Each structure stands twice: as structure tokens, then as C-alpha cells.
Amino acid sequence: MKVTDGYPEYMMKSIKLVEEKREKNMSQPVKPMSMKAREEALSKHHPDYMKGTKRKLKVGRDKGMLLYNGIVDLLEAKPVLDPKDVDLSKIDYDVDLLIIGGGGAGTVAALFAYESGVSKDKILIVTKLRHGDANSMMAQGGIQAADRPEDNPTLHYLDIFGGGHFTNKPELARALALDAPGIISWHEELGIMYDRQEDGEFQELSGGGTCRNRMHSAKDYTGMELMRNIRDKARNLEIPTLEFCPVAELLMDDKGQVAGGIAFNLETFEYYVIRAKATILATGGSGRLHLANYPTTNHYGATGDGLIMAYHAGANLIDLDTIQIHPTGDAYPEPLVGILSTEKIRGLGAIPLNKNGDPFVFPLEPRDVESAMFIQECKQGRGIVTPTGMPGIWLDSPMIDIIHGEGTIETKLAGEVRKFKRFGIDMAKHPILVYPTLHYQNGGVEINEKTETKIPGLFAAGEISGGVHGKNRLMGNSLLDFNVFGRRSGIYAAKYVKKAKIGKLTLNHLDKYNKMLKQASIKPAKSAPIILPEYRGEMAISRALDIF
Amino acid sequence: MTKKEQILIEKPDLKKAEDIEKKAGTVEVFIMGKSYKVPAGLTIMKALEYAGYRYIRGCGCRAGFCGACSTIYRKEDEQKLGFDLACQKVVEDKMYLVQLPFVPAAKAEYDIDKLEATESTIFDIYPEIARCVSCNTCTKSCPQDIEVMKYIQRAVRGEIAKCAEISFDCIQCGLCAMRCPADIKHYHVSQLARRLRGKYLDIKSKNLAKRLKEVESRKFDSEIEKLIKMDNKEILELYKNRKIEAEEKGPGGD
């Protein structure tokens, strides 16, 4: 197969059409869709609305709820921990505040709990991988905050609520919009290097479903710049952090409160009993469950553990009947399939095109709608099929330099340029090929404005929580989410800690859950949470022995 | 039931695996010295998994942002060591591979609020930067192609803003620090530079300060309350008819 500039010949032919029509495509933009057209696209082509992707849960508090099959499989699995294996009389860590998850939400929570008076040796962050290995680190495009004079938090609220199909919990959407300017101000104090104009004002772009340009960015490494700063502050304060020690199940007391968790050392296989007056669940998302068989943009540890352990403890779930597929996952070359190309590429002006070089959708519809339109275009035979059989849509990145001047792509999308360059593709010169990929867990464990779950002692923040974004999240609202609700969880958990009294520790809730599984006539073949995904080669697994 | 038994419930599709190998062809890699055949075209990370490794350390975002999977490799018949990220680099035939599970570089502790951004700030906290012998090994080992030595030189000269700018794409994998003959912790040095610049040198947004005051004086509370109380039809109308800046002015930004 002859490859020129990273693309095989037949793809290059399609690129020729893209180039020929570029000028015309830039001068005649496609209009946004009507609400009716949006609904139609979603109902026909989005996995949330398609048959066979979901089923009703048969066990626990939310029995009867319709959820994605991959999540139901785990909720109907046996709790991974057998209470008989754990000695609760010996406490390994006795703290005021246990934070499960060392990503964005967990780290922000720790900083604000500390500021709210919890002493640092009474805080413990436990995390599955390294501190900062999280989807937070990977977010590229930006963070929303309505701070320009042309904009205001009311408009931001309207965008959040409309983007979520009017299903968000209003008080959470309000908190997200109103806390946003304060968060950016806190970031200025931390020393986060946002992209600014010469006068110090932020360079702000639009994102899918936003009515004003309010996307603050740090090149296309926004999440990384946020996460490494916040983590640096936590490290300077020496907030105790246990790495490679995921919590496998929550710990409760005889009063029905959450009272910490059982951590599992991935390297020595020991468990640790952690007693805590308050526990913040900040375990992140679940892309690595590959719901509806989509590839994912998520980090290695995003296996939805928090959902499972919170449900075992009796917390309730919402909006898990939807997943966010991001329209612009990479479709080519093969090693990049599923990895994200940031929405900022469209924010800067690149237009999605079919194999004939024709536009077919407004580039900045909300993510679910944009994805559905991409899928439709490919289903109807106007996508480009890669040598490995993956369909895709062109994203005409060279338009960016034409709009904003040569060199813009290089400086504003440094990470993207670097990624494609490894495979011989120059995105300033040629378009890139994209297809929807599993990106975000819209729903999760239900919280209120104080980040409280329905179980006393258990708080939740970040991607694990549900209600903030309703059935669909907008770009730039997840970095905001982990800051806004991470902060709130730290503050409210610190308040809670002052009054909390822990009773006798127990793991009875797991026995109870096993009983419920039995009563529902479920014979679990698996156990959950799964902690890490399984990607070993099939040949190797089929010959593996269990003798060591 | 063990984890391994669980996995075997979902029967591995060996036929599919064979097809992949046939279609792509295979290459030989040496994982920590041991030979394995893997399909061509896989990243180092996927090749290790294909061979039967299950990652605990050495695997994070799988997309080039987190620096967990820094890899050192050498090709047979070559003296030179190569440096890259396992999730980004595609395997080549006869590659010897090893990953860094952890980087034991010391990080200074400081309170950013108590520092000033002067010519000597970085030097005072990380005095070892003066020991740089300009060998450029750090730059050569950077998987992000950052001019690492150049930003260290800027730090030595007290040019905080420039050091921050050059180092911005750093993913903190630590390969630079592991290779440095002068024991400089480049990635910690540049973290400090970026925070100093962001906090003290970049001009702050006036719009933000103004908006913050408005939020604190609860200027938008009643407006949002009104939206919350609206029935679905009313708010749908409002949403549908809102003006979209990107549509009117074209793509936003500078």
C-alpha cells in the first residue's frame, strides 16, 4: 500500500476533494439544527436511543432502572470482597477524611478540606494508579466560565441545562455556572498559565452547545496544566497519598454510615482497613468498560469502580442510561483509534466533511447530536473507510491556519500536532479522520449541592457523580465540574467531620448484597468492581495457568 | 472464582487473534530481554499486552498526556538508546524494550504564595541547575521533543517566563532527570517556573475580577432562580431562541 504524507492513495483522493471545496465550505457554513432535527438524529443514530444497548437492573435500590448492559453486568456481579477475608479489628489508617481517587476532583477536595480546617495528617487520598493518573489530566480543549462582559452565568446555566436536554438537577447546574468565575480566579492564584491576550484577558473560544465564547484554555493541554498545578500544591502541602491502592469496597458502621474503605495494594495484594469520619468518592468515570462496544478516550483506570461500591453501600444512581460519545475520536491511523482529538479543533474553525469533501452538519452542535450526525453520514455510505475497516469523517484542520493565520495550529494545538506527526501526518496541511468514541459518564451517583449522596458520610464529586450534566455534558464543563464539586465536597466534608461519630465497623452490606442477588435469582459469573480492564492478548490468556 | 477463571468464561477468540497476526505480519520484540512475536503496527504498550503482560505500573492515560509509560529501547545492532512513550511509539522489529516504573527524583517543597518571581527564585529553590554541563542529554531523551536544556539555561539566567514557555508541553515523565549527569530535576524545575509565571508574571483578567464581584453580590441569583422555576416549554423556547455568538461572528477566539 502506497502511503503519501501518512495517508494511503485512496484516502488522498478524497483529501483532494476536501481541498478543492475548502474555500467554498468556509464561505458557506452549515446552520445549526432545529430541536426537532436534533431529536431525530439522536433517536436514529445515538447508542443511548438504540435497541440492545441497555437493560433493566434486577437488584438493589434502583431495581428496574434502565442502564447500559456493561454497567448492569457489574452491578449484578458478586462484590469482589469477601467480608470473611477482612479483619476489621485492626485499623491501618484512622483518618477524618478518606478521599477515594487521586484525580482532579479528589485532589481539589483535599486542598479545600485542608483549608477548611481538616489537618493534613487526618486526610488520606488513595488512588488506583499514580496521583494524577486521571481523565482530568487528558482533557484538552478547555474549561468554561462566563466572565466576559458579553456573557453571564445565566446564559451558562441555560447552555448547561439545554445541552443536558433539560434533565440536569437545576441546583447542580446553577452551582456549576455560578461557582465558575471563582474557580478561574483560584486558578490564577495557583499560577495556572491560561492562554491570554496581551492585555491579560483570556482568549476564549466557543464549544459545542455554548451560546457564548467562554472556553478558557492552556494550549491543548488544559487538563494537564490544571492537574499538574493542583497536584503540585497538594505535594507541597504533603497531603498523604497512597498510590496503586484502589479502594475495593466501602466500609460502613452499625449506624448505616459510610465509615471509610478497604484499600487493596495492587503490588503486594495486602488489604488496608481505612476508618474515616467522612469519605469522598472521586473515582472518576467508566470509559474502560467500553459500553456499547465503543473504543474510549479514557485513562486505564476508568472502570467505574465507584459506581459499584457506592451501590453496594446503598447509594442511588441517576442518568446512567446515557453515555457521552465524543464526535471526534481518532479513526486513523490504527494505533490512535479511540484517542481524542479535541473539540477545540472545531472551536478554532475546522469543519467536518464527508468523503466527497462536503459539509453536512453545523460543527458545534452538542456532542451527542454531532456524534449522531457523524454516525448517520457513515451509515449512509459517505464516510471514509480506513484500511482496517474503521469508518471516519474528515475534520478539515488546515482551515484553522487560513482563519487565524499560519502557525496557529502549531501553537494552539501543540499536542495534537505532535500526536499526528508521529505517524507522518501534518494536520496543518491535511485533514484528520475522526469517528465518535466513548468519552464521558454523564450520570453516576446522585449528589446534591453539598455533594452529599443518600448515604450519610459519603460524598461524591467529579465524573462519578450524577445530576450535574443531566443526560449530556458540554465541552469545558467537566474540568469545571471537578473543580466546583471537588471544592464543595472538601468544604462540606470538613464540616461534616466535626460532628461525625463512627460506630462499630462492618462489611455487612456486602453480605446483604449477596443475599439480594440470590433473592433476585442472579447467579453472578463475575465479580465487581473490576479495578483494571483486561487487555492481554487472547493467545496469552488462553494458555495462562493459575499456579503461582 | 479467581480473576483468571472469570476471564476465561468469555472464551478467547483465537481464530481472530491468528487472523490479526496473518494480516498485519509479525515483528520480534525483546521485552526486558525475552523474545516475543507480536503483530506489526501495535504501539509498544499494546504489544506488551498482546504478549501477555498486564499493566499495573507503566500505564496511565494511554494517550500521551500523563508520562506514566516512559520507555527506553534499543534496536539490535545499534548502540544508541531511544526514549519514548509506550502508548505512542509503534514497535519495530528487533526492539529491546523496558519501561520505567517510577522516577525517584526529589521535588522541592515550597509555598507559592510566599515566593516572589525574581531572577534568583528558581535558583534558590533548585540550586543544582547551575551544575548543567550543557551535554543536551535531557533534550535528546525527551519524548515530547522539548528543548529541555534550553529551558534549564533560561532558568539559570532567571528568565522565568521563557523557561515556562519552552517547557509548557512537559508531561513530567522524568526521563530527562534520569539521564542527567548533574542530577537536575528538570521537570520539577519547570513546574515551578510555570507556576511563578502564571501567578506573578502574566497580567490578570479585569473582566474576571469584575464578574467575580457581581457573582459575590448575587447579581445573577434571581435571574437563574427564574429559569429554574420556568416550566419545560418556556425554558425550551428561551433555549431555542438564544443567540449563538459562534454562528454570528464565525469561530471565536483571537
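Two strands pair if DSSP finds at least two bridges between them. The exercises below apply this criterion and others to a predicted model.

**Exercise 1. Determine which strands pair with S19(A), and state how many bridges each pairing has.**

Solution. 
Step 1. Consider strand S17 of chain A, residues 352-353. S17(A) and S19(A) run antiparallel and are joined over 2 bridges. Within this pairing, Pro352(A) has Leu395(A) of S19(A) as its bridge partner.

Step 2. Consider strand S18 of chain A, residues 384-385. Here too 2 bridges connect the strand to S19(A), in the antiparallel sense. Val385(A) lies opposite Pro391(A) of S19(A). The hairpin formed by S18(A) and S19(A) has 5 residues between its strands, and Gly389(A) adopts a positive phi near 90° in this hairpin.

Step 3. Consider S20(A). The link between S19(A) and S20(A) is antiparallel and has 3 bridges. Leu395(A) has Ile432(A) of S20(A) as its bridge partner.

Step 4. S19(A) pairs with S17(A), with S18(A) and with S20(A). Leu395(A) takes part in bridges to Pro352(A) and to Ile432(A).

**Exercise 2. Decide whether strand S19 of chain A is largely enclosed or largely open, and explain why.**

Solution. 
Step 1. State the cut-off: a residue counts as buried if 20 or more other C-beta atoms lie within 10 Å of its own.

Step 2. Apply the cut-off to residues 391-395. In S19(A), 4 of the 5 residues are buried, so the strand is largely enclosed by the rest of the structure.

**Exercise 3. Give the strand order of the open sheet of 3 strands in chain A, and identify its edge strands.**

Solution. 
Step 1. The order is S8-S10-S9, and the pairing is antiparallel.

Step 2. An edge strand pairs on one side only, which is the case for strand S8 (143-144) and strand S9 (204-205) of chain A.

Step 3. Examine one pairing in detail. S9(A) is joined by 2 bridges to strand S10 of chain A, residues 215-216, in the antiparallel sense. In this pairing Leu205(A) faces Met215(A) of S10(A).

**Exercise 4. Describe how each chain is divided into domains, and what forms the contact between them.**

Solution. 
Step 1. Chain A has domain 1, made of 25-49 + 328-439, and domain 2, made of 83-322 + 441-506. Their centres lie 29 Å apart. Domain 1 contributes 26 residues to the contact and domain 2 contributes 27.

Step 2. On the side of domain 1 of chain A, the elements giving two or more residues are helices H11 (344-347), H12 (367-379) and H15 (414-421), together with strand S20 (432-440). This side has 10 nonpolar, 7 polar and 9 charged residues.

Step 3. Chain B has domain 1 (21-99) and domain 2 (112-201). Their centres are separated by 29 Å. The contact joins 7 residues of domain 1 of chain B to 7 residues of domain 2 of chain B. Strand S4 of chain B, residues 82-85, gives the most to the domain 1 side, with 3 residues. By class, that side holds 4 nonpolar, 2 polar and 1 charged residues.

**Exercise 5. Characterise the contact between chain B and chain A.**

Solution. 
Step 1. Count the residues: 78 from chain B touch 87 from chain A.

Step 2. Find the contributing elements. Among the helices of chain B that give two or more residues are H1 (3-9), H2 (14-24) and H10 (206-216). The largest share, 7 residues, belongs to H9(B).

Step 3. Classify the residues. The chain B side comprises 38 nonpolar, 17 polar and 23 charged residues.

Methods
Residues numbered from 1 in each chain as written. Chains lettered and ligands numbered in written order. Predicted model: local features only at pLDDT ≥ 70, side-chain atom pairs only at ≥ 80, totals over all residues. Domains from an automatic or database assignment. Contact = placed C-beta atoms within 7 Å. Nonpolar A, V, L, I, M, F, W, Y, C, P; charged D, E, K, R; others polar. Buried ≥ 20, exposed ≤ 12 C-beta atoms within 10 Å, placed from the backbone.
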